[in-house]
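Here are my notes on the model, in numbered points. Please keep the viewer open while you read, and start with the residue in the opening point.

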Amino acid sequence: MNPRFPVPGGPTLRCKGWRQEALLRLMENVLSVGENPDQLIVYAALGKAARSWAAHDAIVETLKTMEEDETLIIQSGKPIGVLKTHAAAPLVIMANCNIVGQWAKAEYFYDLQEKGLICWGGLTAGAWQYIGSQGVIQGTYEIFSRIAEKHFDGDLHGRFILTAGLGGMGGSQPLAGRMANAAILGVDIDPERVAKRKAIGYIDTVAPDLDSALAMIDAAVKARKPASIALVGNAADIYPEIARRGIVPDIVTDQTAAHDLVYGYVPAGFTLEEVRAMRTSDTARLMAESRKSIVTQVRAMLEFQQKGAVVFDNGNLIRTHARDGGVENAFDIPIFTEAWLRPLFSRAIGPFRWMALSGDPEDIRKIDDLVLRDYPDNRIVTNWIRLARENVPFEGLPARIAWLGHGVRTEVARAVNRMVASGELKGPVAFSRDHLDAGAMAHPNIMTENMKDGSDAIADWPLLNAMTLCSSMADLVVIHSGGGGYAGYMTSSGVTLVADGTPEADLRLKNALTNDTSLGVMRYADAGYEEALEEAELKGIRHLKLA
Ligand code: NAD
């Protein structure tokens, strides 16, 4: 936890009820574990918890004073007003960064941001759901595991993974790689980001230069020992240099914030200070330089691919910018969702998280025990929870994320609500899931690339999802679109629920979580995925199949 941005745990309420208190603690939590909380920035280059400090303070004050039968309206990180609704309505609804289609361009977004009219919510930042780098860690681990199964006889011992970007989300890669038993090298241009991941134990060693980094990787590969090594450097320099030396990693990806050519990616040949100055003084040149470096980096990734490496895009639009910069075959690199995870999404299995509002890690351990006891045959989850328990340190409020699907999410959340009611847990627990979830995201270059029925860019699904959640008693619901480099590329929806041990919470959890995943299965069933059609049949989801 960041001592300058503490999150109070314990039983003392500052609000008129636990639902309001929970959302307040979650907002405090995203700042506590965020990358640059002084600027309200949580992760993904520009993803903010609130539009400004004035907006932040007004949100805090409103959550402290609002009643249970009221709803706070937030527009792109700024509180707009409070409406009288009813106790089963969401406490908070948000619309973050939705710009009309023809205007949804990065430059127009930067302009609006400059005028203080909008901010990007970075998906889980503005929705107060981010739990630190661990949030994406199982996703990355599952990708490495799927690659291991498909290409390496299920075993990454003695395998070399090359990646870049060790920020808010990308910072999870070294730990995920080590947990998957590989020797992983992560490159980041910013020594402070590297130091942060080293301090929490995600990185074993920071190499002083490329020669030493490669020697450490080589030694780990030969000894078949898991290792996570970091190197401060620019990926646009390091990737081609590794290729030039004739070294071919087994797996290559990248999780720099390449989606944003101004605030995310740092072009080669510039210092961080120069880039920070250019963000306002010479945006056009910075965008051109970033694209040029991305072209160089992606060409190296394609070279690795041609020489036999398993290369994939880890959800940051790096291929898109490379293609725009002239790399016609950039999309020879597959996206991780389509390549590895779609069968899971078809059954609405995706990243589901729970946060102990008491601040007591013991609460999370008790929920781990519950999941291990009740779902012994769910290999993905039990394997993950055992590994996470040993390897993933808590940041901020103790939290766990695990890939659960339809039915199981509802059962776990309701069981936890009972544990809160009985006093077995020290305090209430909040649940949310990633925006990268079955029914919740339209993102044609990431989540919905190459959908079976061609429905990649249809944003009706996340909008239907948010409306479903509002009518299913969720506590917080957000409709969200891309900002900065993601402007015009995506729409998603998010949801948070609070298990405070009451019968009302039981009903909210049952309705909202069941309907959320039902819609996820329906979205994939509608697109013709066999797994989704089977899941709907098996679980009694009333998907209407038209001829
Ligand atoms: P971040 O802004 O917190 O971190 C980005 C990091 O990249 C920084 O540490 C920065 O120093 C580094 N970097 C930038 N340019 C570089 C270069 N040329 N060479 C080396 N390092 C460089 O962003 P984040 O939250 O870690 O997200 C990274 C990307 O992943 C974003 O595009 C984000 O949208 C995407 N993302 C993907 C998923 C997923 O599910 N796969 C989830 C969340 C975020």
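This is a predicted model: local features need pLDDT of at least 70, side-chain atom pairs count only at pLDDT 80 or more; totals for chains, interfaces and linings use all residues.

1. Let me begin with Met441, which sits in strand S15 (residues 441-442); strands here are DSSP runs of E with at least two residues, helices are runs of H or I with at least four, and both are numbered from the N terminus. Met441 has a relative accessible area of 4%, so it is buried. The cut-offs are under 20% relative accessible area for buried, over 50% for exposed and partly exposed in between, with a 1.4 Å probe and protein chains only.

2. Residues are numbered from 1 along each chain as its sequence is written, and side-chain values use heavy atoms, leaving out hydrogens and water.

3. Now the overall fold. The protein chain contains 18 helices and 17 strands, and its C-alpha trace spans about 65 × 55 × 55 Å along the principal axes.

4. Which residues come nearest to the ligand? They are Ala45, Gly168, Asp188, His259 and Tyr486, out of 30 residues around the ligand; a residue is near if one of its heavy atoms lies within 4 Å. By class, this shell holds 13 nonpolar, 13 polar and 4 charged residues. Here Ala, Val, Leu, Ile, Met, Phe, Trp, Tyr, Cys and Pro count as nonpolar, Asp, Glu, Lys and Arg as charged, and the others, Gly among them, as polar.

5. Where does the ligand lie relative to domain 1 and domain 2? Domain 1 (33-133 + 349-541) and domain 2 (156-334) both give residues to the shell, so the ligand lies between them. The domain bounds come from an automatic or database domain assignment.

6. A backbone N or O atom of Ala45 is 2.8 Å from a ligand oxygen atom. A ligand nitrogen atom lies 3.2 Å from a polar backbone atom of Ile189, and a ligand nitrogen atom lies 2.9 Å from a polar backbone atom of Ala235. The protein covers 95% of the 860 Å² of accessible area that the ligand has on its own, by the Shrake-Rupley method with a 1.4 Å probe; for residues, only the protein chains shown count as cover.

7. Do look at Asp516 in helix H17 (residues 503-526). Asp516 counts as buried at 3% relative accessibility. Its side chain makes polar contacts with the side chains of Arg433, at 2.8 Å, and Asn465, at 2.9 Å.

8. Finally, two backbone angles to check. Asn181, in the loop between helix H5 (173-179) and strand S7 (183-188), has a positive phi of about 80° although it is not a glycine. Asn181 counts as partly exposed, at 27% relative accessibility. Leu317 also has a positive phi, near 65°, and lies in the loop between strand S11 (310-311) and helix H11 (318-324). At 0% relative accessibility, Leu317 counts as buried.

Technical notes: A polar contact is a pair of N or O atoms within 3.5 Å; within protein, one must be able to donate a hydrogen and the other to accept it, and residues adjacent in sequence count only if both atoms are side-chain atoms.
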